[in-house]
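Let's take a friendly walk through a structure together. Keep the viewer open beside you and find each part as we come to it.

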Amino acid sequence: MMAAMGGAHARPVIETSGLTVVRGGNTVLEGLDLRIGSGVTGLLGPSGCGKSTLLRSVVGVQRIESGTVTVLGEPGGTAPLRDRVGYMTQESSVYDDLSVTENLRFFARVLGVDAGAIDPVVATVDLERQRDQVVRNLSGGQRSRVGLAVALLGDPDLLVLDEPTVGLDPVLRRDLWDLFHRLAEDGTAVLISSHVMDEADRCDQLLLMREGRMLAHDTPAAVKEAAGADDIESAFLALVESGEDAA
Amino acid sequence: MSPRVTGAIAGRVLVQLRRDHRTLAMLLVLPVALQALLWWVYQDSPAIFDRIGPALLAIFPFFVMFLVTSVTTLRERSSGTLERLFTMPMQRLDFLLGYAAAFGLVAAVQAAVAVAVTVGLLGLDIMGPVWLLGVVAIADAVLGTALGLFVSAFARTEFQAVQFLPAVVVPQILLCGLIQPRDELPGILSFVSDLLPLSYAVDAMEHLSTSTGTGEVWADVAVVAGFALAALGLGAATLRRRTE
């Protein structure tokens with residue numbers, strides 16, 4: 001059902017062509033060609049495989065060696081995109097010494113979004129009771145939801161979230177995935193990275209990544225079927241091994 | 001640049017400062033307390049206090065703003081907030097001016113408190129207009145903020161950022177005329193002293209304490225402002241939307 005709207009055949013939300021990124025002399029991404037559509041797309045792979053680098057390239061804060069990134073029809077990271085793409089880094093990217101609402105009020109002003117947008121996003125991430133607490137005093141999960149709330153300000157057309165569910169308790173993780181799907185149904189494309197393979201089945205589309213290359217890009221069911229595996233972890237292993245045989 | 005975004009950043013920095021009582025005390029109370037200590041040390045020789053006091057009025061805003069800015073902007077770089085801001089409609093200039101405005105305002109309050117206490121209570125003799133002391137202090141503070149922003153690009157941790165204090169600030173304090181009048185320094189050091197911005201800030205304060213003329217003070221303020229602008233330019237060059 002969701003897979004249909006996640007199809008990469010419609011006009012892509014994100015398109016990369018020959019995307020190459022070099023960091024500290026190492027090639028982190030090598031000639032990546034990608035078309036990512038709407039719906040919830042999961043970017044899965046072990047830590048250090050280049051997930052964050054790809055996400056940073058999409059939002060336009062990564063120095064790119066060569067290739068292009070196109071987001072919502074515009075060159076990635078250019079001015080027309082800066083109030084249309086919500087982004088959250090692994091560190092949550094919020095001010096520890098401000099309260100939840102002070103953080104949101106600040107970022108809303110930077111975005112030029114009305115202060116009336118703050119209450120709804122606080123409710124969406126379920127932080128109403130913590131709204132006046134200083135972020136430093138919140139738990140890791142609550143902190144990460146403050147970061148998510150900031151990314152949701154101004155109803156972006158694309159959400160780019162770097163490991164937003166890491167370290168969260170299972171109930172909260174389920175709630176957040178439900179939220180991502182609700183947002184996707186309302187038309188926001190969502191790109192989420194994770195190194196936890198069991199989150200794969202929650203995505204409409206899956207990108208399996210290893211050492212800067214894509215092993216697979218399809219629906220979770222199709223990825224498993226193609227690899228002849230019962231779960232994504234096994235599919236990942238099978239894809240790695242078949243790749244090594246070929247090499 | 002956008003006044004909305006610049007204002008948002010300045011306002012946010014001030015809210016953060018208001019939250020941080022210890023830093024606020026360092027900004028507002030510590031300079032006065034140190035002036036009082038100096039006054040006590042030279043209780044029996046007020047002429048020395050009259051010579052060193054004005055120099056300290058120039059050194060404090062520079063020293064404190066350098067320290068606070070280098071650490072806070074380093075935090076912005078390492079916590080991911082700067083990266084997030086760069087994905088939003090924010091220009092580098094908004095960021096720099098927001099910080100400069102917030103700390104310039106704090107410097108104005110700091111200068112008002114420090115001048116009121118040193119001139120009013122401790123009896124420091126100032127011949128020139130007292131409000132001009134405030135102008136010099138603000139220029140100094142903006143200079144400290146700008147240099148702090150610049151050096152924060154070369155530190156990876158807060159610990160490293162603090163190490164710039166002895167490297168960048170202390171030599172300027174040694175050569176600014178506080179310890180030995182600048183024209184009595186050995187030739188090479190006197191030349192080096194002429195290249196350092198804090199020397200001009202201290203000169204401005206000394207002119208204010210010893211003469212009623214303001215021409216030389218404004219010339220010194222112009223030099224300090226020039227250094228501050230150059231440092232802001234350098235700071236801007238270290239703020240990259242795209243990083244490795």
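How many residues of chain B are in contact with chain A? The model is a predicted one, and in it 23 residues of chain B are in contact with 23 residues of chain A. Two elements of chain B give two or more residues to this side, namely helix H1 (3-19) and helix H5 (81-86). H1(B) gives the most, with seven residues. Sorted by class, the side of chain B that touches chain A has eight nonpolar, six polar and nine charged residues.

Is Arg242(B) buried, exposed or partly exposed? A residue with 20 or more other C-beta atoms within 10 Å is buried and one with 12 or fewer is exposed; Arg242(B) has 13, so it is partly exposed. Leaving aside its neighbours within four places in sequence, Arg242(B) is in contact with Gly60(A), Val61(A), Gln62(A) and Arg63(A). Within its own chain, Arg242(B) is 155 residues from Thr87(B) in sequence, yet their C-alpha atoms are 9.8 Å apart in space.

**Chain B as a whole**

Chain B has eleven helices and zero strands. Its 244 residues would have a radius of gyration near 18 Å as a compact globule, and chain B agrees because its own value is 18 Å. Along the principal axes, the C-alpha trace of chain B spans about 60 × 40 × 35 Å. Buried residues make up 46% of the chain. Of the contacts in chain B between residues at least 6 apart in sequence, 79% join residues at least 24 apart.

Ala137(B) lets you see such contacts from one spot. This residue lies in helix H7 (residues 130-152) of chain B, and Ala137(B) counts as buried because 27 C-beta neighbours are inside 10 Å. Not counting residues up to four places away in sequence, Ala137(B) touches Leu57(B), Pro61(B), Ala107(B), Gln110(B) and Ala111(B). Ala47(B), on the other hand, is 90 residues from Ala137(B) along the chain, and their C-alpha atoms are separated by 22 Å.

**Two helices of chain A**

Why is H2(A) described as largely enclosed by the rest of the structure? Eight of its nine residues are buried, so the rest of the structure largely encloses H2(A). Among these buried residues are Lys51(A), Leu54(A), Arg56(A) and Val59(A). Just after H2(A), Gly60(A) takes a positive phi of about 85°; Gly60(A) is also one of the residues in contact with Arg242(B).

Helix H5 (residues 140-152) of chain A has 13 residues and reaches 19 Å from its first C-alpha to its last, close to the 18 Å expected. Eleven of the 13 residues are buried, so H5(A) too is largely enclosed by the rest of the structure. What do the buried residues of H5(A) pack against? Their partners in chain A are strand S6 (85-88), H3, helix H4 (118-124) and strand S7 (158-162).

**Positive phi angles**

| Residue | Phi | Location |
|---|---|---|
| Gly60(A) | about 85° | just after H2(A) |
| Gly154(A) | about 75° | just after H5(A) |
| Glu163(A) | about 50° | loop between S7 and helix H6 (170-185) of chain A |

Ser92(A) is buried because 27 other C-beta atoms lie within 10 Å, and Glu163(A) counts as buried with 21 C-beta neighbours inside 10 Å.

The mean pLDDT of chain A is 90, and 95% of its residues reach 70 or more. Where is confidence lowest and where is it highest in chain A? It is lowest in helix H1 (residues 2-5), at a mean of 44, and highest in helix H3 (residues 100-111), at 97. Over residues 1-8 of chain A, pLDDT stays under 50. Where pLDDT is low, the predicted coordinates should not be read in detail.

Methods:
Residues are numbered from 1 along each chain as its sequence is written. Chains are lettered from A and ligands numbered from 1 in the order in which they are written. This is a predicted model: local features need pLDDT of at least 70, side-chain atom pairs count only at pLDDT 80 or more; totals for chains, interfaces and linings use all residues. Helices (H or I, at least four residues) and strands (E, at least two) are DSSP runs, numbered from the N terminus. The radius of gyration is taken over C-alpha atoms; the globule rule is 2.2 Å times the number of residues to the power 0.38. Two residues are in contact if their C-beta atoms, placed from the backbone, lie within 7 Å. pLDDT is the predictor's confidence in each residue, from 0 to 100. Ala, Val, Leu, Ile, Met, Phe, Trp, Tyr, Cys and Pro count as nonpolar, Asp, Glu, Lys and Arg as charged, and the others, Gly among them, as polar. The expected span of a helix is 1.5 Å times one less than its number of residues.
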